[in-house]
Amino acid sequence: MAQQASRSLIMFTGIIQAIGRIHDYETRGADARMTIEAGGLDLSDVAQGDSIAVNGVCLTAIALTPATFTVDVSAETLRCTEGFSPDAEVNLEKALRASDRLGGHIVSGHVDGVGGVTQFEQQGESHFVEIEAPGSIARYIAAKGSITVSGVSLTVNQVSGNRFTLNLIPHTLTQTTLKHLVPGKRVNLEIDMIARYVERLTTYTQIYDKD
């Protein structure tokens, strides 16, 4: 599981606030430092040390200008995620505040796996998407449940084996990088955290609550 931030209470909603672009990408051994153009993201209330989700990955801002922020990305995060390359567009979301509306679902910013797009085609005004998830997380994905795809909160339509389908409305395509999906493209996936706790509760009950 890719995890960059150390503060466990940081949460996101999966509602993308802006599309940014990786402006500078500096390799530092197996790690990397990126400076990201924030696009329309308001950075006036972001301080050094605050968290921003970049393509669904919780990263810590180590430096800021009015229009950019800089983050360090560990080798482990680079290994477990997709979408970090020079000049790439990225989905951006600032960390959730206690007073904010929860428009999507609770997202931790910890990527559980990388999936592959198998279909992406227009159907009416929307687009149909099929994604194949890694077997290690496929069991957590349920029809009509929530999933985060490259930082975007979405509702699963159907599930068959390791594959699941989504419907992307025009607004989602306009406001996120998902407009660039094509068969074969890899995407960051975060499962609904409720599924994790349900499995943990079930497993614990089976092992320890036998009486």
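This is a predicted model: local features need pLDDT of at least 70, side-chain atom pairs count only at pLDDT 80 or more; totals for chains, interfaces and linings use all residues.
## Basis

Residues are numbered from 1 along each chain as its sequence is written. Local features need pLDDT of at least 70, side-chain atom pairs count only at pLDDT 80 or more, and totals for chains, interfaces and linings use all residues.

Strand β3 (residues 51–54) pairs with strand β4 (residues 57–64) over 4 bridges. Valine 54 stands opposite valine 57 in β4.

## Cavity

The count is 1 cavity of 30 Å³ or more. A cavity is a set of points on a 1 Å grid over the protein atoms alone where a 1.4 Å probe fits but cannot get out.

Lining residues (an atom within 4 Å of a point) include Asn55, Gly56, Val111 and Glu190. Strand β13 (residues 186–191) gives the largest share, 3 residues. By class, the lining has 2 nonpolar, 6 polar and 1 charged residues; Gly counts as polar.

A pocket is an open set with protein on both sides within 12 Å along at least five of seven lines. Of its 16 lining residues, the closest to the centre are Val152, Ser153, Leu154, His171 and Thr172.

The largest share of this lining, 4 residues, comes from β10. The lining divides into 7 nonpolar, 9 polar and no charged residues.

Note on methods: Side-chain values use heavy atoms; hydrogens and water are left out. Two strands pair if DSSP finds at least two bridges between them. Helices (H or I, at least four residues) and strands (E, at least two) are DSSP runs, numbered from the N terminus. Grid points are joined across faces, edges and corners, and a volume is the space filled by probe spheres set on the points.
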